[in-house]
Amino acid sequence: MTFWAYLLRCSDGSYYTGHTDNLEARIGYHQSGLVEGYTQKRRPVTLVWSQDFPARLEALEAERRIKGWTRAKKEALIAGDWGRLSVLARNHQDERSPSTGSGRTEEPDVLAPNPVRPEPVEGPFTRKDSL
């Protein structure tokens with residue numbers, strides 16, 4: 001099954017980010033006002049970006065990441081301007097301190113044109129190759 005992360009441009013110029021397993025139907029729901037919440041009073045909406053993923057979790061992670069982005073970064077994604085997106089990601093990174101929980105200091109490049117998929121793992125903490 002395929003899943004999508006997507007960006008909608010609302011009638012007020014704002015952006016809405018979501019994920020779904022049926023992109024066409026989901027956009028129809030947003031357009032009709034059947035989805036309560038942010039887009040309901042900001043119709044019509046226009047699909048401006050989407051990317052398919054093989055797993056729901058990957059689409060959800062992309063949605064959550066994009067929701068935290070600046071407007072400029074979202075617009076670079078929509079335009080497919082990977083150079084600008086990279087610059088904006090680095091500039092934003094300079095403004096924040098690294099996470100103390102994960103030790104991660106940079107965003108993974110999940111939204112690149114050909115993202116690398118994580119290796120499957122067995123059990124909650126054990127990788128297959130470490131058994």
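Start by selecting D21 and R56: they form a salt bridge, with the closest N and O atoms 3.4 Å apart. (A salt bridge here is a side-chain nitrogen of Lys or Arg within 4 Å of a carboxyl oxygen of Asp or Glu.) The pair links distant parts of the chain, 35 residues apart: D21 sits in the loop between β2 and α1, and R56 in helix α2, residues 56–67. Helices (H or I, at least four residues) and strands (E, at least two) are DSSP runs, numbered from the N terminus. The cut-offs: buried is under 20% relative accessible area, exposed over 50%, partly exposed in between (1.4 Å probe, protein chains only).

A word on what you're looking at: this is a predicted model, where local features need pLDDT of at least 70, side-chain atom pairs count only at pLDDT 80 or more, and totals for chains, interfaces and linings use all residues. Residues are numbered from 1 along each chain as its sequence is written, and side-chain values use heavy atoms, leaving out hydrogens and water.

Next, pick R42 and D12, a salt bridge whose closest N and O atoms are 2.9 Å apart. R42 is in the loop between α1 (23–32) and β3 (46–53) and D12 in the loop between β1 (3–9) and β2 (15–20), so the pair ties together parts 30 residues apart in sequence. R42 is partly exposed at 25%, as is D12 at 47%.

Last stop: K67 and E63, bridged at 2.8 Å between the closest N and O atoms. They're 4 residues apart in helix α2, so about one helical turn separates them. K67 is partly exposed at 45%, whereas E63 is buried at 8%.
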